[in-house]
Structure formats: structure tokens, C-alpha cells
Amino acid sequence: MLSFQNRIDLCLRAVRFCTVLFLVVNAPLLIADEAPPLLEGGEAVSVSAGSVVWEWRRMAADAALGAGFSSQAERLYLQILEAEDVSKERKAAIHVNLAISLIQQGRYRAAQERLASEDAAVHDRGRHLLFQTLALYGANRESDAAVLKASFERIDLDTLQRSDRSWYFLLQGLLEDAMGSTEGARNAFNRARESAQTDTQLATIESLLLRESILDGTADEATAADLEQRLAAMRGDRASFPFAKQYAITLHQLDRTAEAVAVLDRQLSGALAYGSREREQLLLLKSLILGVETSSGRATLRELIRSGTNRESLTVALQLLTMQDSGQEAETGELRGFLSELISRTEPHPLLGEIYYLRAQLALARGDISSAEADAGVLLQEFPGLVGIANVYRLLAFAALQRNPPQFRTAADFLIQLRENTSDNHERRQLNILIGDCYFLNGDFRNAADFYASARQDIFEQNAEEARIFLRLITAKIRSGDIDEASRLIDEVDFRTSTEPENRWVAEWNLVRELSAQNRFEDAHARVRGLLVSSERREVSERLIFRLRWLEAWLALQTADFARLNDRITDLFEEVVSSVDLSLSDEERSLLIVETMLLHGEVLLRSGQGDLGLRRLSRLREDFSGTPAALRSYLVEANFHSSRGEFTLAQERLNELSELSAPNPFAAQALFESALLAKQIGPDAFRGAVQQLNALVENHPNTHLVFPARLLQGDLLRSLNDFGGARSVYENIISRFPEHPQRYLAELGRADCMLALARADGGQLENVIGDLERIFELPGLPIDLQIEAGYKWGFAAERREFLSQAEEIQMLIVARFLLDRSNSELAALGPNGRYWIARSVLDLGMLLEQRGRYTEARRAYQHIAQFGLPGQRLAQSRKDALLFSDDSSL
């Protein structure tokens, strides 16, 4: 029978062996075997949190514009235009909306300058012409009305968005008035009011007409005197209202503003029998004469809003007040305080729903997400019938995206509700794209693909937007793992009449990347070869052709298809070097050159031309020192030497790489791989490997390799019988990585060290027993490691001479993981699990022997052969030794 000390030594050797096995099997592969940069680049579609927030900034700006926050909308549009990678088409639409925000503020000259920019005139000519003509009229009322009318007549009303038709009729009325057609102007202005899509847009039209009324016309002193006499003759009569209004306007036009305000104050003094509607009209006029941008003008508007009763006047006043919000804290705080005052009134304000919405918009603009969501929640609960309630869902979705981290799923839910409240097909399509983006960023690629597919179905003609959706759809299908469906979608598109051929190639690129990631190299290789012989090849850029030719060669290497591969790589290299194609930037050309050289070197190494391959890699390092490809060439060469058993040479290359000066993104990997090779070289290399791992942790504290490096360091220290040092390393891991999914490896390693250090110390052994029991019961522990922890738990109990407990534990292990398992479950056990279950069976047999239960011991040893476990010769010898023993001594 093995002595107890011999069994301890055997156990410790097994501990070291199994930890090394785990690390070697689970350690990252050499970077030389990872996908190189050329394969990583060129994703079909970029869906990022930044791109979604950019889109939502645009929608938030549109919402601010629609709500009357003209100054806020202006600021948002300017921020959007500063973003990079904005298409000319989208930038043009933003320029027009920015001009509208300026027109709403009465800043016609600034709008005119914005629309005159080159970027503003590349898309939707009719819309651009509409607001350009309106801005020109407002900036220079002395312009030739006939010329402006000719420009206006070039605008096709049927091509305008519904929200722009009110502006169309407003411009028509202004031009009719300028040409002296009072009746024509009146009819056009009425149509402008009727075409307004929302109360806010109607208020915008009314406010602009009010402004025009105080700017339009020619005033003289005789007219002023006549109006003064008429007003005096009708003093106290309600019919004096139009004369009072016109008299104040005339005085203002004569630069007698103080007198104009005095006239209006007298009319508002309360002595006259005006009704609420007339009083509100006079207050609006007073605010415009004072200037709504002035503190006195805003005070007049607040007076009207507090005391008014007519929704039309109140809506105009509220919009005039909000459109002057400059974003300065003082003014924004003043407006926010006023809105809160209105909300807190005992008697509900006629515009209470609109006021809640405006306050929510202000809160969102200043980043107070919780307050914005609270006001939006009130709107949904108490004002479900509010006109424009859909904008509340838009606000809530944007608020969810503004949170840190963004709540993409919540945003998607609100967007879906917004879509259900939207009838416009174009907007529904944009919402489907945004919903898809939110699901995409939330990692729900299946739902993302469904919404992209819905958006794509709504497009009936080939354009840039259809291509954008198609690429998003393919990417989502690929990310969801539905490779075959992505292939089908690509194959069924007629790229001659639909999506641009280059889009197909980009989509194929993504598909091939995913096939490669799934090790389906033969399928990927077949698709790339098919593309390269396709008749559409001439319709795409040489840049993409070069990348695909490189990819074909890389895939041929993965499938060991070396036929003419050397020739193809040589041809590719020479063509890239000599190419004059303008679509290939200097940076891309350099990347292709170095990656092709690296690929060529690897092909030579793996096809039996080692000396040529090593010279090629050396040339790469000489000519392109410091490039990622040159750095990775050390890894390729180390992998080559390691595959031939030349571990010392492999380690030398890795050490050279780790010592290169920064920037060197592969230094940590080189240190880790070099330390791993120390296990192959032998114990003399262990101490150096420990020092290398220390350097890795100290010099690269943020790399993902810190955790496996510390584990390997602990294993090496145990191999050097430095159990105290190893224990310190494991405790450091447990402290630094409390949430790491493989933390149990450090805990098991620490328990092994405690077991070795405890020797015969009863107290320490009992601590080890408790630790191993806890590890054994950890949820989600891989079965092989659970068996290992269970065996060691029983072993520690036996060493503490808790023999009954040790027997119970080993019996539990054997029953749970051997006797109660199906054949398929047993077959799924790895080498580590099979080794430790065999140890449990042997220990159980020995424990039974010690207690004189020989029949049960023989039965236990029989399990080794029955289940094909390791240690069959030892088990058979123990069983044979008990052949003539019986249980009679019990």
C-alpha cells in the first residue's frame, strides 16, 4: 500500500500537472494566429452609441424647432454640423433646418447666409429654394417683389413636405402683399394657418405675421396725427381697438417707441371696455414693440401668459418666450422658474400640457434626465390626448440614450410607441432604423435585423438610404449568428439594378470575416474566390480588390491550400507596390504591403520553405521596423520554432519582441508566451519566467493578460516548491479580481498552497477543508474542476484524520460524478476530470481497506476498469491483494 506521504507527493505533482494543463489549453493563442488588421477592418456598417446619439441630436433639434425653442434648435444644429463623417445630403437638410430656426427668430440675414453656403444646396432643391426666398425677402424688404415672385413660382408645392406647406403659403402671402394684392395676401395667409401641422407651427405663423405687421408699410407724421385724432374721438369705445393698434404700430415705425408703448399702456389700463382677446392682442403687440429679446418684452409676455385665457394668443406668447431662450443659465433659469410657477398654480393653466412639455425639454437640454423623465411621465399619465403626445415618446427615448450608460432597450421601447403614433412613412422608416440601432447596440441582433428588414421593405427605389439599411441588415444577421440567412440575402439581391456592387462586396467582406471567426475557412474561401472571378469585379475600387485578394490568400493558408499560393502572393505584392489607383491611400498601401510580406513569410514557413520564410520575416523587420506587421512577425517566427520543438529559439524571439521600445502593443503577449514556454524548456527557466510575469503585471497593468499571468506565476512558484510565494500571488488575484468569472482557479490554487503548507497543523488543515468544501459547492464551477476540488476536500479531511468524513466525501464524489452519470456524460469528462475521479475511487478503496471493509474496497477498485479510468494497473493490484481478505474481522 502507498504510504500517506507518498500519496501527498503524488497529489502535489498532480496539482502542478493539472494547473499547467489548464493554462496551456486555455491560454490565448499566439497573436500570430489571431485575425490580422486587414481582416478586422472594413465592417459593412458602423453602428455605435455615438452614431445613434448623433441621430438623436438631430431629432432633438427638430423637436426643439417644432416646439418653438428656436435658439436651442440653432445650438443643436450647429453642434451636429461639427460632427465628422456627415454625408452632404444629410448636412444640406440640417443647414435648411438651421435656417428655419434663424427665420423663426427674425434673423433673416443670418438665414440667408446659411442657405447661400455650398453645403446647403445639394439636396431637396425645392425646400432649399423656399426658405432661401423667404430669407431673402425678410433680409431685404426693398427687393424686387417680381423677382422674388418668379423665384417662388419655381417651387413645386407637391414636392414639399407637409410641414413646409404652411411656410409656402406664408411666403406667397408676403409676396402678394408686397405686390399690392391685399386680397391675395389675405387668402394666402389663411391657407398658411390652415396648413399648419401643429398648434406650435400655427403660433409660429401668427408670430411672424405680427412681426411683419410692425415692420411693413410706410409711416408718416400725417398718418400718425390722423390716427391719434380718430383714437381720441372714440375714447372709451371698444371699437377703438383697431385704431389703437395701428397708431402704436405707426409710432413704432416712426421710431417713437416710447410713445407707442404709452398708447398701449393706456389702452390696457382697465378703463376701456376691451375683452380678453383684444387685451391679449395688445399685450402681444407691446412685447414685439419692446422687443421679445429684451427683459421688458419678456415680462410683457409673462404677464399675458399668466392672465390670458385664449389658447391662440397664449400659444403665440409662449412660443415667443421660449424661442428667445439663449441657453444662458440666467435666461434659462428664468424661463424654467416661470414654467414651474404656472404648473404650481391652483387653477390649471389652459396650456398646462404644453408647459410640462416645454419644461421637460429644458431639463433634457441641461442634462437633468430625471426631471425630464418625470415631466414626460406626467404628460403620458394625465394628458394622453395632448396634440403632439408622440413628441413625449421621442423625448423619453432621447433621455434614455443620454443616461450613462445609455439605456438602449428602454429607448427602443419608447421609439416603438412613437412609431405607433406616426403615420408618415418616411418618419416610420427612420424610426425603424433607429429602433434597429438601439437593439443592435444592446446586443439584440435578431430584433435589430427585424427592424432593419421592416425599414428596407418601405423603400421602393434604389438610393443611398436603401444601401445603408441593407448593410445594417446584413451586419445584424451576421452578428446574430444567422450566417446562412445573411448569405441568402446577399445572393438574392440583383446588384445590377439594386444596391451598388461595391456594397455587395463590403457585405461579403463581413460575411467572410464571420465565417472565418467560426473556423469555416473553406466556405469563406469559396465565397471570396467566387467574388474575385465575378463580372462585377470591374465595378468596384481597386482598393477593395486588393484587400479581397489578400483575404483569399490568407484563407488559402488557413485551409492549407498551397497550390500556386506563393505565386499569387508575389503578384499581389508587386501590384500593390506599383499601383497608381487614387482610391488607395498611402496608409492603406503601406498596410497592404507589410501584411502581404508577413503573410508571404508565414506561407513559406508552413509550406516547408523555412529558411526562405525566416529571411522574408527578417526583411520585413528591417524595412518596416515598428509596424504592427513587423512586430507580429516575431510571434509568427516563435510559433514556427515552437511547432518544431525549438522552444529556446521560440523564447528568444519572444524576448526580443518584449524588449522592443514603445509603442509595442505586443510586449505583454510576448512576455506571457515566453513564460509559458518555460514549462517546455524545464525547471531552469522557471525563475526567469516568474520575473517576466512580474514585468508583465508591473509594466502592463491594464492588459487582459494580468489574470492568466498571475495564475501562471503561482503555478511556476509551486513548481519551485515556493508555496508561500504562490499563496501570496493567488491571494492577490482573489483581491484584485473579485468578479472575474475564473476566480475559482485562484481560490483552488490558494487551497493547494495551504494544503502543502499545513503539513500536520490541525487548525490550518481544518481551514483548508472549509475552503475546499466552499469551492466544491460554487455555482457554475466546471465539472472537471468540481471533481478536482471534491477530491482535494476529501484528501484534506483524510490528512486531518477525519476518516469518516473523508470516506463520505469520496463516496459523494464517486456517486455524483461516476455512478449516477450516463455514458454520454462520462464521455464528456476531460482528462483532468477523469484523472481526479480515478483518484477519488482509489482513495475511497484505500479508506475502505483501512476500516476492514474489503468487499466494498474491491468493488470500488473494480470501477476503475469498468469505466476505463486512469490507474487501472494500480487498481487491479490493490484488488488482487485483497483477494483472500474478507470482512470477518469486523
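In this predicted model, helix α13 passes helix α14 in a left-handed crossing. The axes of α13 and α14, the latter spanning residues 257–267, come within 7 Å and cross at roughly 165°. Angles over 145 degrees count as roughly antiparallel, and α13 and α14 are therefore roughly antiparallel to each other. On the α13 side, the contact involves A244, Y247, A248, L251 and H252. These meet T257, E259, A260, V263, L264 and Q267 of α14. By class, the residues of this contact divide into 7 nonpolar, 3 polar and 1 charged.

Helix α13 also packs against α15. Two packed helices are described by the angle between their axes and the distance between the axes. For α13 and α15 the angle is about 0°, and the axes lie 11 Å apart. That makes α13 roughly parallel to α15. From α13, the contact draws on F241, K245, A248, I249 and H252, while α15 supplies E278, Q281, L282, L285 and I289. This contact of α13 with α15 has 6 nonpolar, 2 polar and 2 charged residues.

The elements that give two or more residues to the lining are α9 (162–178), α10 (182–195), α11 (199–215), α13 (241–253), α15 (276–290) and α17 (311–322). Which element provides the largest share of this lining? That element is α11, with 8 residues. By class, the lining has 14 nonpolar, 12 polar and 11 charged residues.

The axes of α37 (residues 706–719) and α39 (residues 743–758) come within 11 Å and cross at roughly 15°. Angles under 35 degrees count as roughly parallel, and α37 and α39 are therefore roughly parallel to each other. As α37 passes α39, the crossing is left-handed. F707, L711 and R718 of α37 make contact with R743, L745, A746, G749, D752 and C753 of α39. By class, this contact has 5 nonpolar, 1 polar and 3 charged residues.

Definitions and conventions:
Residues numbered from 1 in each chain as written. Predicted model: local features only at pLDDT ≥ 70, side-chain atom pairs only at ≥ 80, totals over all residues. Heavy atoms only, no water. Axes fitted to C-alpha atoms, helices over the stretch in contact; angles between N-to-C directions. Helix = DSSP H or I, 4+ residues; strand = E, 2+ residues; numbered from the N terminus. Parallel < 35°, antiparallel > 145°, perpendicular 65-115°, else oblique. Left-handed = near helix turned anticlockwise from the far one by under 90°. Contact = heavy atoms within 4.5 Å. Nonpolar A, V, L, I, M, F, W, Y, C, P; charged D, E, K, R; others polar.
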